[in-house]
Amino acid sequence: MSPVVQGPVRVRFAPSPTGYLHVGGARTAIYNDLLRQAVGGAFVLRIEDTDRERSDEAMTRQIQEGLAWVGVPWDEGPFLQSDRLERHRTVAEELLAAGLAYQDFRTPAELAELRERAHAEGATLKSLAPEPSEEEVERRLAAGDPHVLRFRMPEETIRFRDLVRGEVEFAPETQEDLVILRSDGSPTYHLSVVCDDVDMEITHVVRGEDHLSNTPKHVALFRALGADVPAFAHLPLILGQDKKRLSKRTGAASVEEFREAGILPQALYNYLALLGWSPEDDREILSREEMIAEFSLGRIGSSASVFDPDKLSWTNAQYMSSLPLEELLEHLRPFLPGEGLEGVDDEERLREAVELHRSRARDLRELAGQIRIYFADVIEPDEALSRKYLTKDPELAEHLEILADRYEEAETFDLESIEEILRGLADEVGVKAGALIHPTRMALTGVKAGPSLFDLVAVMGREATVRHLRRYAEYVGDLS
């Protein structure tokens with residue numbers, strides 16, 4: 001069992017701005033956030049932008065916006081790794097001066113040939129290519145020969161206890177001396193990340209499983225710098241439903257894409273938090289406070305998790321139903337213009353419509369589409385269903401006109417009177433109530449299913465209801 005983490009902690013989320021914030025990165029950020037919130041401490045946001053060719057300032061902004069939207073705050077940063085290059089170079093030179101690094105003049109082609117030989121002979125690169133002598137180094141430096149700076153990996157097994165995976169070890173023959181300065185003098189990822197973690201006093205590194213092979217290198221560098229080695233927790237992969245690495249087809253969307261699809265940030269946070277971690281009672285919907293109270297790295301599984309879009313949709317629907325109305329409206333408003341509702345000025349009707357439909361929608365886009373009818377000038381009916389209604393009531397057009405008249409003339413227009421008028425008319429003309437209920441729904445919505453008709457009519461309002469009924473009565477009259 002993983003040891004209990006004692007706070008305060010200093011955690012960091014360190015994405016590379018070479019692309020959007022996707023579900024894997026968002027989940028990593030969420031686990032760092034939950035750990036920091038659970039035991040106290042600080043969350044550092046660090047942008048690892050040293051890959052200048054692939055890094056994009058727009059992506060840096062998007063990562064910050066994505067984190068803020070999904071609900072992951074940071075206490076310090078964002079720090080740009082590129083602002084610390086001189087610090088990284090200084091540390092590299094200190095390692096060289098301490099005899100812990102050396103100049104390597106081999107070309108990429110020479111190294112590729114040596115690795116091929118090592119693989120064929122079952123040998124190690126070190127055994128086939130010892131370090132250059134001091135004399136050779138001096139001669140080649142004087143000649144201005146290009147070279148990299150390599151950190152000398154220790155000839156020992158590197159062991160550490162991963163807070164998710166348990167005891168992990170790497171034999172020395174599996175570890176090649178690693179480049180810490182490229183031939184152009186730029187620091188590599190391995191040096192930069194360790195140097196930054198040391199200077200920022202990071203105590204716990206919670207990151208993806210794809211970094212596990214980097215960890216022995218980082219442990220060795222921490223020790224060489226005389227720094228405390230942070231605790232590591234490597235999160236398992238997220239797979240698609242085909243049990244393969246998550247792809248665009250199987251849900252590898254960016255946080256921004258989920259936002260545009262109408263997913264609530266609270267729902268995405270909740271779903272991703274439970275994609276590998278589970279509370280003791282296996283609940284599936286938890287408030288932020290409940291997640292913080294129960295979170296521990298020890299309850300994160302070591303096997304891969306499967307991203308299920310349907311489960312995310314279900315989680316989102318739960319939040320759609322339960323979120324305070326004002327909060328739901330705040331998230332819904334950006335989706336209203338897409339349904340032609342940017343000019344809605346009847347705030348009371350909007351609130352009533354949202355309240356009526358929120359439990360019937362899976363996402364904000366769907367909800368915006370459902371409430372469009374309450375503000376539409378024209379509703380397009382379904383012809384096939386309309387003909388079916390006529391078979392049950394050949395005088396439907398006349399009956400709908402009468403219903404429109406009675407709604408228009410009613411002294412009160414509340415739920416009780418709305419239902420009483422329709423059912424009374426059905427009894428009067430000798431048809432079942434359903435023979436009027438279903439066509440009335442079609443007149444007002446253009447579809448055959450939805451919330452209670454009488455609730456719908458009440459929210460629609462007297463004027464719009466009467467107008468739609470008269471128009472539909474004319475429509476079915478032309479069909480008969």
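A: Accessible area here comes from the Shrake-Rupley method with a 1.4 Å probe. By that method the chain exposes about 23,100 Å². Carbon and sulfur atoms supply 48% of this area. Keep in mind that the model is predicted.

Next, the outline. The C-alpha trace spans about 110 × 45 × 40 Å along its principal axes. The radius of gyration of the chain is 32 Å, whereas a compact globule of 480 residues would have one near 23 Å. The chain holds 21 helices and 12 strands. Of the contacts between residues at least 6 apart in sequence, 76% join residues at least 24 apart.

Charges come next. There are 56 positive and 89 negative side chains in the chain. The centres of these two sets lie 4 Å apart.

Now go inward. Buried residues account for 47% of the 480 in the chain; here, buried means under 20% relative accessible area. The largest nonpolar core contains 61 residues. Leu332, Val354, Ile371, Tyr374 and Tyr407 have the most contacts inside this core. Helix H21, residues 462-479, gives the most to the core, with 7 residues.

Zoom in on Leu332. Setting aside neighbours within four places in sequence, Leu332 is in contact with Val354, Leu364, Leu367, Ala368 and Ile371. Two of these partners, Val354 and Ile371, are also among the residues with the most contacts inside the core.

Conventions: Residues numbered from 1 in each chain as written. Predicted model: local features only at pLDDT ≥ 70, side-chain atom pairs only at ≥ 80, totals over all residues. Heavy atoms only, no water. Helix = DSSP H or I, 4+ residues; strand = E, 2+ residues; numbered from the N terminus. Rg over C-alpha atoms; globule rule 2.2 N^0.38 Å. Buried < 20%, exposed > 50% of the residue type's maximum accessible area, 1.4 Å probe, protein only. Contact = heavy atoms within 4.5 Å. Lys, Arg positive; Asp, Glu negative; His and termini not counted. Charge placed at Lys NZ, Arg CZ, Asp CG, Glu CD. Core = buried A, V, L, I, M, F, W, Y, C linked by side-chain atoms within 4.5 Å.
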